[in-house]
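Please look over the chain shown below together with its fold.

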Amino acid sequence: MRVVLAEDLFLLRDGLVRMLEAFGFEIAAAVESGPELSRALAESEPDVAVVDVRLPPTHTDEGLQCALAARRVRPGLPVLVLSQHVEQLYARELLADGDGGIGYLLKDRVFDAEQFIDAVRRVAAGGTAMDPQVIQQLLSRRSGDDRPLAGLTPRELEVLELMAQGRSNAGIAAQLVVTERAIAKHTSNIFTKLGLEVSDDDNRRVLAVLAYLDRDR
């Protein structure tokens with residue numbers, strides 16, 4: 001599996017390269033700036049991109065902007081953002097795309113190699129890997145309803161809990177030993193009951209997870 005990695009700190013970049021290689025990944029490119037990332041994504045055709053948000057030359061949001069630009073050229077390019085920061089505008093656009101694997105992890109909340117490698121593999125396979133704190137920062141609560149999950153069945157709650165863990169429909173189906181078609185039906189029911197209509201601005205899956213994360217507030 002080919003990976004393009006973008007991280008401006010040498011020690012962290014080198015450590016990530018060594019870890020990914022130890023788990024059998026091929027490093028197509030390991031770069032430190034936005035322009036280098038753009039070239040690497042265009043030329044290397046990776047299976048997944050792992051990018052920091054803030055890269056030279058301006059250290060603002062080059063990583064996310066490059067990832068979004070690459071996905072416009074190659075729809076569905078799997079992208080895992082690994083950062084200390086949540087850049088809300090561009091991160092929300094990435095999540096709202098809904099095409100291909102996406103992930104957003106905070107560096108100080110990745111506690112072991114297996115957690116990180118699982119996230120990379122999940123995103124590369126078309127799934128999601130979202131840190132709950134990222135979701136909470138990205139999306140505000142939608143309404144004053146303090147019981148958004150009250151109408152869900154026990155099975156729908158199970159599906160939503162696994163969705164909150166970042167699992168794809170296929171992963172949820174495997175966990176619950178049911179068909180992927182059955183999970184698609186459950187997720188559709190969840191979206192309907194939570195009032196999550198299709199729109200260009202909102203990723204319904206992320207909003208459903210937010211409702212789950214907010215359930216005890």
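This is a predicted model: local features need pLDDT of at least 70, side-chain atom pairs count only at pLDDT 80 or more; totals for chains, interfaces and linings use all residues.

**Overall composition**

- The chain holds ten helices and six strands, where helices (H or I, at least four residues) and strands (E, at least two) are DSSP runs numbered from the N terminus.
- Of the 217 residues of the chain, 46% count as buried, buried meaning under 20% relative accessible area, exposed over 50% and partly exposed in between, with a 1.4 Å probe and protein chains only.
- Among contacts in the chain with a separation of 6 or more, 66% come from residues 24 or more positions apart, a contact being heavy atoms within 4.5 Å.

- Six strands form an open sheet in the order 2-1-3-4-5-6, with parallel pairing; two strands pair if DSSP finds at least two bridges between them.
- Strand 2 (26-31) and strand 6 (128-130) stand at the edges with a single partner strand each, so one side of each has no neighbour in the sheet.
- From one strand to the next, the twist averages 15 degrees, with axes taken as lines fitted to C-alpha atoms (for helices over the stretch in contact) and angles running from 0 to 180 degrees between N-to-C directions.
- Helix 5 (residues 113-124) packs on the sheet and touches strand 3 (48-51), strand 4, strand 5 and strand 6, while its direction makes about 150 degrees with that of strand 4.

**Strand 5 and its partners**

- Strand 4 (residues 79-83) and strand 5 (residues 102-106) run parallel and are joined by five bridges, one of which pairs Val79 with Ile102.
- Strand 5 and strand 6 also run parallel, joined by three bridges, and Gly103 stands opposite Ala129 in strand 6.
- Five of the five residues of strand 5 are buried, so this strand is largely enclosed by the rest of the structure.
- In a regular strand the side chains alternate between the two faces of the sheet.
- In strand 5, Ile102, Tyr104 and Leu106 point one way and Gly103 and Leu105 the other way, and all are buried.

- The buried residues of helix 7 (residues 154-164) are Glu156, Val159, Leu160, Leu162, Met163 and Ala164.
- Glu156 counts as buried because its relative accessibility is 3%, and, leaving aside residues up to four places away in sequence, Glu156 touches Gly151, His186, Asn189, Ile190 and Lys193.
- Two packed helices are described by the angle between their axes and the distance between the axes.
- Helix 7 and helix 8 (residues 169-176) pack at an angle of about 125 degrees, with their axes 10 Å apart.
- That angle makes helix 7 oblique to helix 8, since angles under 35 degrees count as roughly parallel, over 145 as roughly antiparallel, 65 to 115 as roughly perpendicular and the rest as oblique.
- In this contact, Arg155, Glu158, Val159, Leu162 and Met163 of helix 7 meet Ile172, Gln175 and Leu176 of helix 8.
- The residues of the contact of helix 7 with helix 8 divide into five nonpolar, one polar and two charged, with Ala, Val, Leu, Ile, Met, Phe, Trp, Tyr, Cys and Pro counted as nonpolar, Asp, Glu, Lys and Arg as charged, and the others, Gly among them, as polar.
- Helix 7 is followed by Gly166, whose phi is positive, near 90 degrees.

**Backbone exceptions in loops**

- Most residues other than glycine have a negative phi, and most peptide bonds are trans.
- Pro56 and Pro57 are joined by a cis peptide bond with omega about 15 degrees, and Pro57 is found in the loop between strand 3 and helix 3 (62-73).
- His59, which lies in the loop between strand 3 and helix 3, has a positive phi of about 55 degrees although it is not a glycine, and is partly exposed with a relative accessible area of 41%.
- Val177, in the loop between helix 8 and helix 9, has a positive phi near 55 degrees and is exposed, with a relative accessible area of 71%.

Methods
Residues are numbered from 1 along each chain as its sequence is written. Side-chain values use heavy atoms; hydrogens and water are left out.
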